[in-house]
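Hi,

Here is the structure I said I would pass on. Have a look at it, and then read my notes below.

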Amino acid sequence: MKFWPFILATILFAGCATYHSRPISAEKTADSFEARSLTNDDLHAFFETNHIAGQWPRPSWDLNALTLVAFYYQPALAEARVQWAAIKAAEITAGERPNPSVTVTPGYDSQVPGTPTPWIVTVATDIPVETAGKRGKRIAEATNLTEAARWDFISAVWQTRSHVRIALLTYYAARENESLLMRQEMAQSNVVRLLKGQLNAGAVSDFEVTQARVAWETTQLSVQDGLGQLNQARAALAAALGVPLRALDGVKFSFAGLDQFPRALTKPEVRRQALFNRADVRSALAGYAASQSALQLEIANQYPDIHLGPGYAYNSGNAGDNEWQLGLSVTLPLLNHNEGPVAEAEAKRSQAAAHFLTVQATAISDIDTALAGYDAALKESATAKSLLEDLRKQLDSTRTQAKMGEVDALTLADAETAYYTGAQNQFNALVKAQQALGALEDAVQSPLTLSPQTLDAAQSNLKSQE
């Protein structure tokens, strides 16, 4: 029996967690970030885990592949994952039952003269018993908060994908604009050269040459600005992926799909589905459910818990008496009936309801605005495409006439300049339509643009980092 204190201590503390230090070094984290690449073996394993097969390193990176890279590397998404995990851990706290307590109070009876050892040892216990289903209501509140956090994480997934799409589209636009501007600049330089020749021959005025030179030099400035925009877009793409800029060295990008415009997103059923299934709407709805559970818990707290207190006392000075006790304690709700916390919970439920209505109204406005912008951008893109087709026909006709000697070289150069200007306008309209499509995708959050399998890939990295 002399070992019973050690046995009891082992039983009580066997399930206790132990602390493990995880210091963070700014230098090491910076070095780790700089070591990130698109050829990393761990990234390859992440792709294979999510059933993305193919050659590795990948010969080209499209939007879907780059989205998975962001899911793996993006620090903001990693933070959203651990926030979800932290809130989910609160479910354990909510489900825990209160532990009983033991109090030992040894005493000395000085009023018994002549006794050999007048000691009195009292052992009292406190066994709390929750009433009114408080534990179940705590669990329900924690579960609803976890559900809200899960939808907040899904919202972060959408934002991550949106940032990658915007960055890739911006890089694509900057690259193509630079190429188109260089072609336009070459065509305008040819116009200036020909006008100078006609000026020397006295066929045109110096004013006409100056006008052409101003247009040419303006385009040259646009080319230089375009080069800077291209470098900035490349840096923005690296930031969206969560990798250093050098990780994109030698990487070939695929812009497949950035010239397509799905009509399915404009269907009424997709719009209606978005009003109920957008991540922020579902998060607000789960938050309201949590406020309902919190109010139920505060109402249940009006009913006091019961504390059972069986005890034992040993009186050595009275012939070794053994005294057994049975205690019962209850908080008497005389001064308050938990009115304050109930009122707070009711107010927070009203606040959660108002928040849900605000989020849903914002979703409706976002969808309607995005649909209008998308429709207008499609029409503008179609008009620009039709105009470019007419300019192409005009250029082809001018080239034919130039071969036959019916028009001079200056007329042909002007036609080429007009065509490349139209090509740039058409491409800008295309980019504008793609930007409108991205806004519509973000507003609708439809599986047509981000499949459940992709969402699973974003969540799978949570498990690997727990």
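First, a term that comes up throughout: I call a residue buried at under 20% relative accessible area, exposed at over 50%, and partly exposed in between, with a 1.4 Å probe and protein chains only as cover. Bear in mind that this is a predicted model, so local features need pLDDT of at least 70 and side-chain atom pairs count only at pLDDT 80 or more, while totals for chains, interfaces and linings use all residues. Residues are numbered from 1 along each chain as its sequence is written, and side-chain values use heavy atoms, with hydrogens and water left out.

Most residues other than glycine have a negative phi, and most peptide bonds are trans. Some places here go the other way. Ala 132 has a positive phi, near 60°, without being a glycine. Ala 132 sits in the loop between β2 and α6 (134-200), and its relative accessibility of 38% makes it partly exposed. (Helices are DSSP runs of H or I with at least four residues, strands are runs of E with at least two, and both are numbered from the N terminus.)

Asn 338 is another non-glycine with positive phi, about 65°. Its loop runs between β4 and α10 (339-403). Asn 338 has a relative accessible area of 15%, so it counts as buried.

Then there is a cis peptide bond from Trp 56 to Pro 57, with omega near -5°. Pro 57 belongs to the loop between α3 (41-49) and α4 (63-73).

How many of the residues of α4 are buried? The count is 9 of 11, so this helix is mostly covered. The buried ones include Leu 63, Leu 66, Phe 71 and Tyr 73.

α4 packs against α6 at an angle of about 130°, and the two axes are 9 Å apart. For the geometry, axes are lines fitted to C-alpha atoms, for helices over the stretch in contact, and angles run from 0 to 180 degrees between N-to-C directions. Angles under 35 degrees count as roughly parallel, over 145 as roughly antiparallel, 65 to 115 as roughly perpendicular, and the rest as oblique. That is why α4 and α6 come out as oblique to each other. Their crossing is right-handed, meaning that the near helix is turned clockwise from the far one by less than a right angle.

Within α6 you will also find Ser 162, which is buried because its relative accessibility is 9%. From Ser 162 to Met 182 there are 20 residues in sequence and 30 Å in space, C-alpha to C-alpha.

**Salt bridges**

- Glu 130 and Arg 138 pair at 2.7 Å, N to O. Glu 130 is partly exposed, as its relative accessible area is 28%.
- Asp 366 pairs with Arg 278, with 3.6 Å between the closest N and O atoms. This one links distant parts of the chain, 88 residues apart: Asp 366 is in helix α10, and Arg 278 is in the loop between α8 (268-277) and α9 (279-300). Asp 366 is partly exposed at 32% relative accessible area, whereas Arg 278 is buried at 5%.
- Arg 399 and Glu 416 meet at 3.8 Å, N to O. Arg 399 counts as partly exposed at 34% relative accessibility, and Glu 416 as buried at 18%.

There is also a salt-bridge network that links Arg 161, Arg 165 and Glu 441.

**A nonpolar patch**

Which residues make the nonpolar surface patch? They are Ile 127, Val 129, Ile 306, Leu 308, Leu 328 and Val 330, and the patch covers about 450 Å². Patch members have over 30% relative accessible area and no salt bridge; nonpolar side chains (Val, Leu, Ile, Met, Phe, Trp, Tyr) are joined within 5 Å, and like charges within 9 Å. Accessible areas come from the Shrake-Rupley method with a 1.4 Å probe, and for residues only the protein chains shown count as cover. At least two residues of the patch come from each of β2 (119-129), β3 (306-315) and β4 (321-330). Val 330, for one, is in strand β4 and is partly exposed, with 40% relative accessibility.

Cheers

Conventions: A salt bridge is a side-chain nitrogen of Lys or Arg within 4 Å of a carboxyl oxygen of Asp or Glu.
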